Amino acid sequence: MKLNKIFQIFVPTEQKFFPLFNQNAEYIVKAAVLLNQMLMTNDPTRVEGFHKNIKEYEHLADNVTHQIFEELNTTFITPFDRDDIQKLASTMDDVIDYINGAAQKIKLYKPKRFPKQFVDLSDLIVQATREIQVAINELKNLKDPQKIKKSCIRINEIENLADDVFHFGITDFFENQLDAIELIKEKDILSTLEKATDRAEDVSDVIKTIIVKLA
Amino acid sequence: MKLNKIFQIFVPTEQKFFPLFNQNAEYIVKAAVLLNQMLMTNDPTRVEGFHKNIKEYEHLADNVTHQIFEELNTTFITPFDRDDIQKLASTMDDVIDYINGAAQKIKLYKPKRFPKQFVDLSDLIVQATREIQVAINELKNLKDPQKIKKSCIRINEIENLADDVFHFGITDFFENQLDAIELIKEKDILSTLEKATDRAEDVSDVIKTIIVKLA
Amino acid sequence: MKLNKIFQIFVPTEQKFFPLFNQNAEYIVKAAVLLNQMLMTNDPTRVEGFHKNIKEYEHLADNVTHQIFEELNTTFITPFDRDDIQKLASTMDDVIDYINGAAQKIKLYKPKRFPKQFVDLSDLIVQATREIQVAINELKNLKDPQKIKKSCIRINEIENLADDVFHFGITDFFENQLDAIELIKEKDILSTLEKATDRAEDVSDVIKTIIVKLA
């Protein structure tokens with residue numbers, strides 16, 4: 001083991017992991033806000049620019065996720081269960097992947113319209129990512145576990161709302177979108193948006209596991 | 001550790017986990033039977049009612065799954081490998097999720113017909129879930145590991161049959177369903193039904209791992 | 001423990017696992033080459049024959065994967081982390097599953113044409129599987145970790161190229177394929193081909209983890 005590695009062990013582990021998680025929480029919120037703006041702006045000529053910016057955050061988040069995994073391989077003592085750190089990092093990564101995936105599909109498919117449900121879901125995604133950020137920030141000091149729990153409950157509520165928007169959307173598209181090719185696009189994009197909220201719930205589940213163990 | 005937690009350790013672990021698994025196996029069978037009835041009844045006006053009942057079983061099963069995970073977090077000695085208990089609980093949860101998912105898609109998509117392959121697959125799902133129930137019931141006493149193995153083999157056979165039904169169905173739909181929008185619905189529903197049998201095979205794989213380790 | 005089990009412990013573990021992994025790497029390359037030939041031949045009457053051969057390799061690989069898992073259950077000392085052996089075996093299994101899945105969809109869907117992107121992606125799959133084979137062969141002696149790293153980097157590059165082909169393909173299909181039913185087929189097949197390269201990248205990620213730990 002190299003000398004710098006040995007010293008690294010004595011660096012409080014919070015100083016390694018928490019800033020990385022906070023950083024990624026911020027990137028996720030930023031990507032979600034851009035996706036929401038892309039859909040609200042509803043201007044096909046700006047889709048490519050929005051996607052470019054979202055993709056940049058996705059890359060940045062990817063690098064941070066890799067850093068977390070590397071830290072995990074070289075750190076003996078971790079602030080909580082190694083498995084949970086890994087799960088937290090990869091579920092957070094999944095959230096931004098789905099946000100980027102939805103933006104990318106909108107860019108590639110060029111749907112002729114942005115149905116209301118797209119906007120509604122992107123709005124719920126923003127809300128969910130903001131709750132993730134609150135919970136992740138609180139994980140560091142754990143002074144207020146109730147605040148974390150509240151965010152987790154809120155994420156579950158958001159996911160339930162997203163489910164409803166998704167279901168109404170699908171029924172609406174099948175009833176009213178008579179152009180089969182547009183229907184394929186809209187169904188696929190709606191489904192990707194909805195999955196982003198599912199992945200946010202996965203993050204919340206991991207966080208709940210962590211605070212149960214620390215209690 | 002609280003006093004009631006300490007006493008809990010001395011409760012034979014079988015009394016904690018097995019009734020929960022048996023309960024969930026029963027819910028899965030009931031949901032599968034309802035899905036099969038929904039498809040055989042073939043009455044669009046009754047789809048919503050059937051789905052409501054299936055969803056109820058899915059919720060009940062969800063609660064039991066959460067209970068299993070909570071027990072796992074507070075129990076030191078488990079009847080078999082913690083990882084296997086977790087995998088068994090989550091693969092069983094996946095089965096009922098796909099059963100509910102198929103019923104929900106039928107409700108939301110309102111397909112104009114229920115092709116024969118829907119009914120055939122739902123029938124295979126019922127058979128697979130009944131074998132899961134047999135195997136889960138036997139896990140408790142392990143007096144007859146051959147009975148468990150037989151159920152697992154049968155589940156694999158059912159999954160192979162489901163594969164065939166799925167493949168013939170897809171080819172049939174692409175050849176004969178000229179309405180692209182109906183084709184999208186039918187392909188997606190058929191695929192969800194088939195995945196339910198895949199998930200049943202996952203349960204069987206976990207059970208096989210467990211009995212190999214206990215042998 | 002039976003006597004033959006005890007002796008088995010002293011068999012160098014390399015002699016158990018590496019030949020199995022090499023065998024599977026070979027099956028994967030062979031399946032990939034057949035898929036590429038199927039698409040280049042572009043003769044609908046030969047699709048079924050090609051798929052039959054690919055499926056055979058998939059079955060053979062499946063048996064080897066099961067053997068790896070069985071060895072894992074009975075071997076105390078493994079050449080590297082048990083978890084990594086398991087992940088390597090299952091990610092390799094996923095690659096051949098997606099190769100077979102793509103071939104099967106082509107057989108079942110009977111698309112009216114094989115777009116250029118199908119051939120391009122199958123060519124990238126062949127390249128990725130050949131790099132997997134190089135890396136797996138090198139894992140045994142680890143004399144040349146740089147060679148392994150080079151293959152992993154190459155797999156990542158291939159996956160990026162596959163992403164581009166996929167994205168151009170999807171945009172192309174949505175713009176030019178006016179037959180909605182053919183579009184459904186082509187989109188689904190293209191997506192399965194692309195996922196095969198994603199799974200190849202998963203293999204590369206596991207291999208990278210392994211060599212980091214052994215360094």
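So, how many residues does the contact take from chain C and from chain B? Eight from chain C and eight from chain B, where a contact means two residues whose C-beta atoms, placed from the backbone, lie within 7 Å.

Quick housekeeping. This is a predicted model, so local features need pLDDT of at least 70 and side-chain atom pairs count only at pLDDT 80 or more, while totals for chains, interfaces and linings use all residues. Residues are numbered from 1 along each chain as its sequence is written, and chains are lettered from A and ligands numbered from 1 in the order in which they are written.

Okay, back to the side of chain C that touches chain B. α4 (82–109) and α7 (180–214) of chain C each supply at least two residues there; helices are DSSP runs of H or I, at least four residues, numbered from the N terminus. α7(C) gives the most, with four residues. By class, that side has five nonpolar, one polar and two charged residues. Nonpolar covers Ala, Val, Leu, Ile, Met, Phe, Trp, Tyr, Cys and Pro, charged is Asp, Glu, Lys and Arg, and the others, Gly among them, are polar.

Now the side of chain C that touches chain A. The contact again takes eight residues from chain C, and eight from chain A. Here α6 (145–176) and α7 of chain C each supply at least two of chain C's residues. The classes on this side are six nonpolar, two polar and no charged.

Chain C superposes on chain A by a rotation of 120° with 0.0 Å of shift along the axis, RMSD 0.0 Å, fitted by least squares on C-alpha atoms of residues with pLDDT of at least 70 in both. The two copies are therefore related as by a three-fold rotation axis. In chain C, C:Ala180 comes closest to that axis, its C-alpha at 3.6 Å.
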